[in-house]
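Dear colleague,

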There are 2 protein chains.
Amino acid sequence: MRQEKPPTIKDIAKKFKCSPSTVSRALNNHTSINLHTRQNIQEYAEKIGYQRNKTALNLLGNKTYTIGVVVPNITSYFNAAIIDGMQKVLEPLGYALTIFITKDMYASEVKFIEKLLMNNADGIFVSIASETRDFAHFNKVLNRGIPLVFFDRECDFPTHRVGIDHYLSAKMAVQHLIEMGCRRIAHLKGPEGLAVTKSRLNGYLDILKAHGLPIDESLIETAGFKGMKAVFPTRKLLALDEIPDGIFAANDETAVAAMHTIQQHGLKIPQDIAVIGFDNEPSTAFNNPSLSTIFQPRAELGEEVAHVFLQDLNDKTGAYPMQHIVLPTQLIIRNSTLKTKI
Amino acid sequence: MRQEKPPTIKDIAKKFKCSPSTVSRALNNHTSINLHTRQNIQEYAEKIGYQRNKTALNLLGNKTYTIGVVVPNITSYFNAAIIDGMQKVLEPLGYALTIFITKDMYASEVKFIEKLLMNNADGIFVSIASETRDFAHFNKVLNRGIPLVFFDRECDFPTHRVGIDHYLSAKMAVQHLIEMGCRRIAHLKGPEGLAVTKSRLNGYLDILKAHGLPIDESLIETAGFKGMKAVFPTRKLLALDEIPDGIFAANDETAVAAMHTIQQHGLKIPQDIAVIGFDNEPSTAFNNPSLSTIFQPRAELGEEVAHVFLQDLNDKTGAYPMQHIVLPTQLIIRNSTLKTKI
DNA sequence: TTGTAAGCGTTATCAT
DNA sequence: ATGATAACGCTTACAA
């Protein structure tokens, strides 16, 4: 059972006492090959379960049909759904997705890009690690002419980008809290060092200013993207002399953790404190209370990344312009912010 | 910028006016090569950013350092965390994980296995699709001597398997409900056609019997693994003349959806109905009330899969015995079942 | 210490 | 209609 080497084109050639090239052509259904032998060979190949060796093809054609996806994590619904969207578009075209998880570490990111280069990936999709400050490792990718697409997380590097408008979306979220009557709105920020964290913070600040509301530094805490990390910052908010009456959280995970912490504290949501999240993970509809949030079109994000890649790849002139695609988000109003009926 | 072909060993050879083999050996640090030229070549290679072409290596060595992971989905935290565990063990050893998402479709599963075979994957890990009844597509994998490891979902096919004891875990969960005073316990089953669904159902049935509790068919509903799909079955339970006082859900997602539905109905958890889930997704600790559940060691599951693969691969005799690894689960008691203090 | 040549599996070009 | 050969990038006996 072990050891059984897969049959090659040569094995078939021997069987038919013909040359490997004949077999190759027959298998590729070349009309130049005698219909009879062609069919015979095809049948036999089928019978013995012959399969083209893709590695050999790769070496020849310089195309691997492999795409590297470098992400901080895949356990967040958001990233998983994006990958889902990528596969939906790319798999039918014969591409396989190779996933590398950086855990937000710069060193891993660099290593994975190197690997992908060695493996001759046909394309590379990246959601930048939060640790990453230097982008030199991506220069090689560009120099090799490999399509490189960044998604979700923003960053300054001259390549394709697919994401949403974090600044605007933050504004939408906080604007909604204001409309619900909140006047003392806290922000549980995402991870330090991420451009999107800054963008959202700016959205939060600007919309407060626009409404003439004061900025209170003590209402701004860093919670990251993990629920566990949000508990302590939330407690700090609840320990303030004047507690907030609304919270804009970095994502749904932190929002849910914040809600739990608030409820543990004996306060009511949204009556005492309204909470809004970010992402619209499916489970948030089932929270108690259900969570208001900003919907990100994650599957579409993934599909769009794939499309940009394909267009770049198919562009013969090599002059495919850099894409910067921004998909619209959506305010989802549920019970966690519904202080008054609207 | 485009087109820049990656440098090959030949390019370096030309530069140094030596043969490709010399370069190859120098790059591999063969002691037979003059230390001086060896270093020169290495430096130059480094300088121009030379990287071995892995495709060529693959063709030579018949090893791709690629592992195919075939899963129903990656958006469930559970599967994502398993993949995480796999990467943790395998990536440092140079393996890359290629992910294929079947969406529980048999046809996709077959197609992906074919692909993986063509791509000369070094190993294949599978969580079987719920549609799959026939396992013929896996025979080729075994015949080619490619290590095949099934994980999570149970099924009858003679290959390695890594998972938990679903029967026993279900018993644990329901036993707990009984201990909390539940006497009319409903079961929201997982997807039809899955062996684990049956195993858990059997656990549920057997433990009820063991406690002398009656089996009521109307208390057994199919909810699948998706929250949305659990709402209607839960409503059916709530519409019964005699509603249940406890629910054992297929997983946390359905448990949370069930809780929400129950609360919408004006009932209290756990006072009116206790609810227990399965998996222990991190977010469930933050639910209101927090969700009791069965913890599955998902990361360890993934790591164990990787270890089994490695052992099989390294076994020169080809007689590595079939592994059937069962990892222990754990009852996590939270507020959704705490009718009385314990 | 270094070069030559064969080979991994396939296809394309050029002959025949 | 089919065969021989070179090529893809690299490694490794075997020679020198």
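Below is what was found in it, taken topic by topic.

Please keep in mind throughout that this is a predicted model.

I begin with the contact between the two protein chains. On this side of the assembly, 49 residues of chain B are in contact with 49 residues of chain A. The elements of chain B that each supply at least two residues to the side touching chain A are α4, α5 (77-90), β2 (96-101), α6 (106-118), α7 (137-143) and α11 (252-264), and the largest share, six residues, comes from α5(B). Sorted by class, the side of chain B that touches chain A holds 20 nonpolar, 20 polar and nine charged residues.

The chains are also joined through a sheet. Strand β2 (residues 96-101) of chain A pairs with β2(B) in the antiparallel sense, over three bridges, and within this pairing Thr98(A) stands opposite Thr98(B). The open sheet to which these strands belong has twelve strands, in the order β11(A)-β5(A)-β4(A)-β3(A)-β1(A)-β2(A)-β2(B)-β1(B)-β3(B)-β4(B)-β5(B)-β11(B), and its pairing is mixed. At the edges stand β11 (324-327) of chain A and β11 (324-327) of chain B, each of which has a single partner strand, so that one side of each is left without a neighbour in the sheet. Neighbouring strands of this twelve-stranded sheet are turned by 20° against each other on average, if direction is ignored. Helix α12 (residues 298-314) of chain A packs on the sheet, where it touches β3 (123-126), β4 (148-151), β5 (160-164) and β11 of chain A, and its direction makes about 165° with that of β5(A). Within chain B, strand β1 (residues 66-71) and strand β3 (residues 123-126) pair in the parallel sense over four bridges, and Val70(B) has Val126(B) in β3(B) as its bridge partner.

Chain B contributes to another open sheet, this one of four strands in the order β7-β6-β8-β9, with parallel pairing. Here β7 (220-222) and β9 (274-276) of chain B are the edge strands, and because each has a single partner strand, one side of each is left without a neighbour in the sheet. Four bridges join the parallel strands β6 (residues 185-189) and β8 (residues 246-249) of chain B, with Ile185(B) standing opposite Gly246(B) in β8(B). Helix α9 (residues 195-210) of chain B lies across β6 and β8 of that chain, and runs at about 175° to β6(B).

Next come the surfaces around the DNA. DNA strand D is surrounded by 24 residues, of which the closest are Thr22(A), Asn34(A), Thr8(B), Ser21(B) and Asn53(B). The elements giving two or more residues to the surface near DNA strand D are α2 (20-27) and α4 (54-61) of chain A, together with α2 (20-27) and α4 (54-61) of chain B; α2(B) gives the most, with five residues. This surface near DNA strand D divides into eleven nonpolar, eleven polar and two charged residues. Around DNA strand C there are 23 residues, and those that come nearest are Ile9(A), Ser24(A), Asn53(A), Thr22(B) and Asn34(B).

Two local details remain. Helix α8 (residues 166-179) of chain B has 14 residues, which at 1.5 Å a residue should span 20 Å, and this agrees with its end C-alpha atoms, which are 20 Å apart. Among the buried residues of α8(B) are His166(B), Ala170(B), Ala173(B), Val174(B) and Leu177(B), and just after the helix Gly181(B) takes a positive phi of about 100°.

The other detail is His137(A), found in helix α7 (residues 137-143) of chain A. His137(A) counts as partly exposed because it has 16 C-beta neighbours inside 10 Å. Leaving aside its neighbours within four places in sequence, His137(A) is in contact with Val110(A) and Ile113(A); the C-alpha atoms of His137(A) and Ile113(A), which are 24 residues apart along the chain, are separated by 7.1 Å.

With best wishes

Methods
Residues are numbered from 1 along each chain as its sequence is written. Chains are lettered from A and ligands numbered from 1 in the order in which they are written. This is a predicted model: local features need pLDDT of at least 70, side-chain atom pairs count only at pLDDT 80 or more; totals for chains, interfaces and linings use all residues. A residue is buried if 20 or more other C-beta atoms lie within 10 Å of its own, exposed if 12 or fewer, and partly exposed in between; C-beta atoms are placed from the backbone. Two residues are in contact if their C-beta atoms, placed from the backbone, lie within 7 Å. A residue is near a molecule or strand if its C-beta atom, placed from the backbone, lies within 6 Å of it. Ala, Val, Leu, Ile, Met, Phe, Trp, Tyr, Cys and Pro count as nonpolar, Asp, Glu, Lys and Arg as charged, and the others, Gly among them, as polar. The expected span of a helix is 1.5 Å times one less than its number of residues. Two strands pair if DSSP finds at least two bridges between them. Axes are lines fitted to C-alpha atoms, for helices over the stretch in contact, and angles run from 0 to 180 degrees between N-to-C directions.
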